[in-house]
Each structure stands twice: as C-alpha cells, then as structure tokens.
Amino acid sequence: MISRKIEVEHLTRVEGHGRIEVTIEGNTVKDVKMNIFEGPRFFEAFIETVYYDKVPDIMRRICAICTASHSLASIRAIEKAFDVKVTRQTEILRDLLIHGEMVESHALHVFALALPDFLGYPDVIRMTEKHLNEVKAALQLKKAGNMVHNVVSGREVHGMNERVGGFSKVPTEGELLNIKEAMEKVKPTAELAVKLFASFETPDFAESENTLMALDPGEKFGFLGDQVLISTGERVPIERYRELTNEKTIKHSHAKFSSYKGSPFMVGALPRILLNKDKLSGTARELFNQHKDLLTYRNSLMNNLAQAIELVHSVDRCIEDIDALLSMGLRDEGLVEINPKAGQGVGAVEAPRGILYHDYTFDEKGCIVKANVITPTAQNAANIEKDFRVAVPRLLNQPEEKIRRALEIIARAYDPCISCSVHLAIINP
Amino acid sequence: MEKPKIGIFSLTGCGGDQLMILNLEDELLKLLSYFEVKSFQEASSYDEKTELDIAFVEGSVSTKTGLKRLEEIRGRCKLLIALGDCAIGGCVQAMRSQQMSLAEKMRKVYGVEENYYDVLEPKGLAAYVKVDLEIPGCPIEKNEILHAITSLLHGDSPETIDYPVCVECKLNEYPCVIIEKSMPCLGPITTAGCNARCPGLGLDCIGCRGPIKDETNATEELNLLLEKGFDFQYIANRLRFFGGNFDEIIKLTSELKKKAEKEGGI
C-alpha cells in the first residue's frame with residue numbers, strides 16, 4: 001500500500017510553534033499528529049520555593065496574550081489556599097480586567113489571525129490593500145481591550161497591578177471613563193465581526209461529536225467560576241480538575257494531551273456560548289438568537305463566530321463594570337490582609353481559549369511546594385487531532401494544498417496558544 | 001530607495017515581544033509600510049526565506065531545533081536584534097539555571113528523565129551567535145522598539161540604557177518603596193527604560209528588564225535586602241527571576257547558599 005504524508009511545516013498566525021503531520025495509506029488516514037515543538041519551559045518546576053507574593057508575576061509569563069488570565073487564575077488559587085476574601089470593588093475590577101483581555105485577544109484572533117483565512121490573504125497586513133478601514137477599526141477594537149490592561153493591570157502584557165488580596169493602585173474615574181468612551185466607539189466593530197463570520201460559508205469538514213466544557217459563571221455570562229459545566233449535563237467543582245483533564249505526555253509533542261473519560265473534549269468560546277447561552281444578555285443575546293442555528297456544537301470551526309459574539313458581550317460588560325465601579329465610588333482600599341498557611345488551592349478562569357487551571361500547594365511559610373497548571377490549548381490538543389482525523393478522509397480527493405489549508409483552518413479555529421501549552425504540567429500519579 | 005527587508009521570529013518564550021509590536025495599534029500599519037516584511041510568524045502565513053536586512057528574534061534558545069533555526073536566520077541577516085529578556089538572558093525560564101539539572105526538570109514536569117525533546121538549558125541568542133543589538137524587557141517597551149526601529153531606518157544605532165530604574169523613579173518623584181515601605185525593590189540593579197512602572201503603582205520592581213550589564217552591584221542589593229529582614233531563599237529567588245543566567249547573580253546566590261548552610265539552614 002502506498003503511503004503518503006501531508007505536512008504543515010510551521011503553523012503560522014498562532015501563538016507559538018507547532019506543526020501538523022498526517023499519514024495516509026491508500027484511502028485511509030493512518031496517523032494524525034499535531035507536533036508542538038515550542039521548547040518546554042518548566043514553570044512548575046522552577047516556581048517551587050517561591051513565596052506567594054510574586055507567584056502570579058512569574059506564572060503570568062507562561063503566556064503573553066492571556067497574561068491576565070494566568071495572573072487571575074494564579075491569584076485565585078493563592079486566595080483559596082489562604083482563605084482570602086476580597087472586596088466587591090476588587091471583584092468588579094477583576095471582572096473588568098478579564099473582559100478587557102477577552103476584547104484584546106479575540107479582536108486579534110478574529111480579525112488578524114482567522115479572518116485572512118476566509119478572505120484569502122496570508123495576513124492582516126496584506127488585507128489592508130482592500131480592507132484598510134476594517135483593519136484600522138479592528139486595531140482600535142484591540143486597543144480598547146489593551147486600555148483595560150493598561151489601566152487595570154499596569155501594562156498591555158505582564159502587568160502587575162492586580163495582586164493577591166486586591167489592587168495596588170485603584171484606577172481613577174477619568175481613566176475608567178476613557179475606557180468606557182473607547183468601548184462605546186468600538187462596539188460596531190465587534191458587531192461587524194459577528195456579521196462577517198455569520199456570512200461566511202464555514203466549512204463543515206470537521207463536523208463530528210464534541211464534548212464541551214466551560215466554567216459556570218454564575219448568574220451572568222462571564223469568565224470566572226468555581227464549577228465546570230460539561231455538555232453531558234455533569235457539573236464538577238474545579239478542585240476535581242484532574243478527573244476532567246487527565247493529562248498525559250505524548251512523545252510527539254511538548255504539550256500534554258487531555259481526555260475526559262477516554263475521549264477528547266473542547267474548551268473555548270463555542271463551549272462557553274453553548275453551555276451558558278441562557279446567561280447572555282443585551283446585544284450579545286440578540287446576536288446569539290439570530291445565529292443560533294449556525295452555532296452547532298458539532299462544528300469546532302464555529303468557535304470563530306462564538307468568539308465574535310463574546311467580543312460584543314465583553315465590550316458591553318466592560319462598560320457595565322465601569323458604570324458599577326463609578327456608581328459605587330472608587331475607594332483606595334489597599335490590599336486585604338493575607339495570612340499565609342500550609343495548604344492547597346485551585347483557581348480557574350476562562351482564558352480566551354478556554355478553561356485555565358492553576359493548582360498550588362504551599363508550606364506553612366507561604367512558599368510553593370508544588371504547582372500544576374493546565375492550559376486550554378493542552379486540553380484542546382486531542383480534540384484538534386480528532387477533528388483532523390475526521391476531516392482528512394472527507395478531503396482525500398482534494399488537492400494536497402487544499403487539505404493542508406483545511407488542517408490549518410481547523411487548528412486556527414481553536415485559537416491555539418502553544419506557548420501556553422508547553423508550560424507543561426506534572427503528570428497525574 | 002528600496003525598502004529594508006525584515007523578518008520577525010520567535011524561539012521559546014511567551015510570544016510577548018511580537019505581541020508588543022502588534023500592540024502598536026496606532027503605529028503598526030505605518031511602521032510596517034517602511035519595510036518589506038518577509039516573515040512575521042505570529043501574524044502572517046507569508047514566509048520567504050530570503051536575505052534580510054534586519055532579523056528581530058524573540059525567545060530563548062531552549063531546544064536544538066531552536067538553535068538550528070537561529071543559526072539559519074543569522075546566516076541570512078545583516079543585523080540580528082535580540083528582542084526581549086528571553087533572547088538576551090533566557091528570562092524566567094532560566095531562573096533555575098545551574099540549580100536544577102535538565103533531568104530533574106524533565107522528571108518534575110514530564111515524569112521522565114529521558115530528554116526526548118532535545119531540550120537545551122535556556123540561554124539568550126548571544127550564547128550561540130553574534131547579536132548586533134539587544135532590546136531588553138519582559139515584555140519590551142513600545143517606545144523603545146519604536147525608537148530603535150526609527151533610529152535604524154535613519155541609519156543610526158539606537159541608544160542603549162545603562163542606568164538603573166532608580167533614576168527614572170527619582171525623575172518621577174515617586175517615593176522610594178525600599179526606604180518608605182521596606183519593600184524588596186530590585187530597581188537599583190535593574191535596567192531602566194520602563195519609566196519606573198512598578199514603583200509608580202506602589203510596587204517593588206521585580207527586575208523584569210534584567211540586571212544592568214556590567215554595572216550591577218548585586219552584593220549591595222543583597223546586603224540591603226538582608227538588612228530589611230528578608231531571608232536567603234526569598235532574596236535568592238528574587239534575584240534569579242530574571243537573572244538566572246547572569247554570572248554575578250549566579251555567583252552571589254551560590255555564596256548565599258553556602259553561607260546559609262554554614263549558619264544552619266535558612
């Protein structure tokens with residue numbers, strides 16, 4: 001039997017380094033691999049013995065584009081371990097921060113990384129030849145998200161203002177009003193993203209069963225929570241994340257692969273939107289209702305449209321959070337008192353790409369004894385391979401170039417963050 | 001005049017320095033229009049393996065594959081610019097350099113000691129190839145990269161900063177967080193250029209722009225922090241966050257360890 005290989009040498013327009021390799025024998029797909037060759041970074045190994053106060057500052061450096069997600073997951077894990085209760089103002093500022101991050105990250109992915117696939121360009125720079133105004137508007141949308149990073153966290157990437165116990169410096173009214181004004185201006189661009197992705201003929205070559213997971217955000221749609229919702233109807237506290245993620249080391253990849261009850265599963269915008277659809281409100285809810293027939297759980301490629309709807313939600317929520325902060329009156333309240341103690345804590349947030357877990361064990365002085373981080377892309381990796389396995393046989397009669405492009409489109413729909421995935425977690429005992 | 005050909009590449013890191021370039025939302029399109037962008041891995045599928053006038057490389061060399069890639073890029077560029085701390089000294093992933101063997105790291109994280117990923121000890125680019133300019137930061141500062149690129153466009157070599165964060169702190173008239181609040185600030189030994197961002201937020205500098213080249217008086221910093229009552233382990237970790245590959249910090253932290261052991265533990 002003649003066997004042939006289809007390879008995508010270097011995945012581009014994703015964060016980090018990965019390649020795809022498919023081996024075909026006759027008419028059957030023999031093997032599918034997503035190799036992740038970003039160098040391992042060993043965060044969990046080197047964070048040991050570090051005192052809690054600077055742990056989030058180091059752990060957030062696992063990833064640039066979801067930096068605030070990492071710092072908030074890290075902070076939440078530490079606060080759980082030490083039984084810290086933060087103020088209402090801190091809670092709202094954190095909610096604002098994670099929504100700002102979602103605006104920045106989704107704007108970048110939807111417009112600059114995914115859109116070129118659908119309009120037939122190699123990148124957003126070359127897209128400016130015909131779509132200059134849209135590209136400019138997209139950059140302003142991204143910038144509005146970064147304004148939140150700057151004001152709330154201290155800078156766009158690897159900020160430091162959000163701390164265990166609160167915020168070091170509380171933003172001023174003027175700074176928050178500037179963000180609000182920017183968000184109001186960019187809202188039409190977020191809505192444009194929904195319109196665009198709803199109008200494209202989204203390929204269905206990867207359609208198949210998907211198990212979905214997302215955090216339960218509580219009453220309103222959002223990105224912070226302590227319970228995991230699964231499309232099977234189960235609900236599991238984040239402390240039991242190991243049962244959900246079940247990571248294992250795979251030789252072809254520096255990232256570990258997750259499975260739940262032996263099957264791959266998906267995290268990210270599509271699972272969030274579908275599992276928490278009843279919690280959406282305002283324009284995002286209207287847009288979801290308009291396009292809900294398109295948003296099938298079986299097509300992972302719909303993640304782009306789900307991200308676009310989350311963009312609209314996040315823009316509105318930033319405004320809502322700012323209004324709440326201003327009506328409460330900003331208080332320079334400092335950090336709440338922290339009493340470190342021996343113990344363990346798990347913190348989870350919905351990073352732009354899906355659920356992110358940080359799990360720390362501390363000694364009695366408050367220094368890390370053991371750390372484990374599970375990133376969304378590590379959880380999605382097995383599902384991405386599943387989609388490849390489904391799609392390739394359906395495309396076998398197509399030219400090789402087309403298959404290669406399809407593989408890239410699938411991988412990119414998950415908005416993979418490969419730097420994140422190679423922080424590498426400790427293997428389950 | 002022909003536009004200079006540039007490539008933006010990354011090795012092992014968080015992708016934050018490329019992202020900071022993309023974060024130049026107001027300047028990006030104009031800035032890139034002065035160049036022919038031949039590669040921009042995080043932002044484009046377009047990749048032309050051609051001679052380059054300038055290659056910007058972020059990330060540390062952490063695998064043999066990464067090293068090969070770096071050598072290949074060096075072989076076809078006139079100027080090689082190390083973008084950010086990872087590309088200069090390995091940054092946070094080098095925190096345990098010479099403290100923890102690769103086998104130990106593999107065992108802790110992957111559960112096996114076998115180095116089947118061809119992993120190298122994380123190092124900056126200059127450990128392997130000639131580097132023409134280093135732009136520090138974790139991440140790089142937007143102003144600094146803009147300044148560097150515009151200088152290069154004019155044929156000038158960009159200014160490099162060789163003074164500590166304290167200078168900027170004083171210029172801003174921020175209260176000294178070491179003196180006023182006894183916070184373990186690394187400002188005195190950290191390369192400026194961030195406009196004393198952390199002290200401006202009431203926080204102590206964690207050293208994310210790396211130790212000042214050839215000017216770092218880490219011994220005095222150490223004495224200062226000991227005086228303030230911080231213990232050995234705390235100080236050693238702090239100095240190593242962004243300085244794990246810097247000779248003076250390696251020497252100092254190993255001396256600290258010996259001293260602590262002699263005094264009967266930490």
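Biologist: Which strands of chain A does α3(A) lie across, and at what angle does the helix run to β9(A)?

Modeller: This is a predicted model, in which local features need pLDDT of at least 70, side-chain atom pairs count only at pLDDT 80 or more, and totals for chains, interfaces and linings use all residues. Residues are numbered from 1 along each chain as its sequence is written, chains are lettered from A and ligands numbered from 1 in the order in which they are written, and side-chain values use heavy atoms, with hydrogens and water left out. Helices (H or I, at least four residues) and strands (E, at least two) are DSSP runs, numbered from the N terminus, and axes are lines fitted to C-alpha atoms, for helices over the stretch in contact, with angles from 0 to 180 degrees between N-to-C directions. Here α3(A) lies across β9, β10 and β11 of chain A and runs at about 150° to β9(A).

Biologist: In what order do the strands of that open sheet come?

Modeller: Two strands pair if DSSP finds at least two bridges between them. The order is β9-β10-β11 in chain A, with antiparallel pairing, and the edge strands, each pairing on one side only, are β9 (343-351) and β11 (368-374). Neighbouring strands of this sheet are turned by 15° against each other on average, direction ignored. Between β10 (residues 354-362) and β11(A) there are 6 bridges, and A:Asp359 stands opposite A:Asn372 in β11(A).

Biologist: Which residues does A:Ala73 touch, leaving out those up to four places away in sequence?

Modeller: Contact means heavy atoms within 4.5 Å, and by that criterion A:Ala73, which lies in helix α3 (residues 67-81) of chain A, touches A:Gly347, A:Val349, A:Leu356 and A:His358. A:Ala73 and A:Val349 are 276 residues apart in sequence, yet their C-alpha atoms are 5.6 Å apart in space. Buried means under 20% relative accessible area, exposed over 50% and partly exposed in between (1.4 Å probe, protein chains only); with a relative accessible area of 0%, A:Ala73 is buried.

Biologist: How should I read the packing of α4(A) against α6(A), and what are the angle and the distance between their axes?

Modeller: Two packed helices are described by the angle between their axes and the distance between the axes. In this model α4(A) and α6(A) pack at an angle of about 35°, with their axes 11 Å apart. Among the residues that meet are A:Phe111 and A:Phe118 in α4(A) and A:Met183 and A:Phe197 in α6(A). The residues of this contact divide into 13 nonpolar, 1 polar and no charged, where Ala, Val, Leu, Ile, Met, Phe, Trp, Tyr, Cys and Pro count as nonpolar, Asp, Glu, Lys and Arg as charged, and the others, Gly among them, as polar.

Biologist: How many aromatic pairs does a search of the whole structure find?

Modeller: Rings of Phe, Tyr and Trp (its six-membered ring) pair if their centres lie within 6.5 Å, and planes under 30 degrees apart count as stacked, over 60 as edge-to-face and the rest as tilted. The search finds 12 pairs over all chains; one of them, A:Phe43 with A:Phe46, is tilted, at 4.9 Å centre to centre and 50° between the planes. The rings of A:Phe118 and A:Phe197 have centres 5.3 Å apart and planes at 75°, so that pair is edge-to-face. This pair links distant parts of the chain, with A:Phe118 in helix α4 (residues 88-119) and A:Phe197 in helix α6 (residues 173-199), 79 residues apart.
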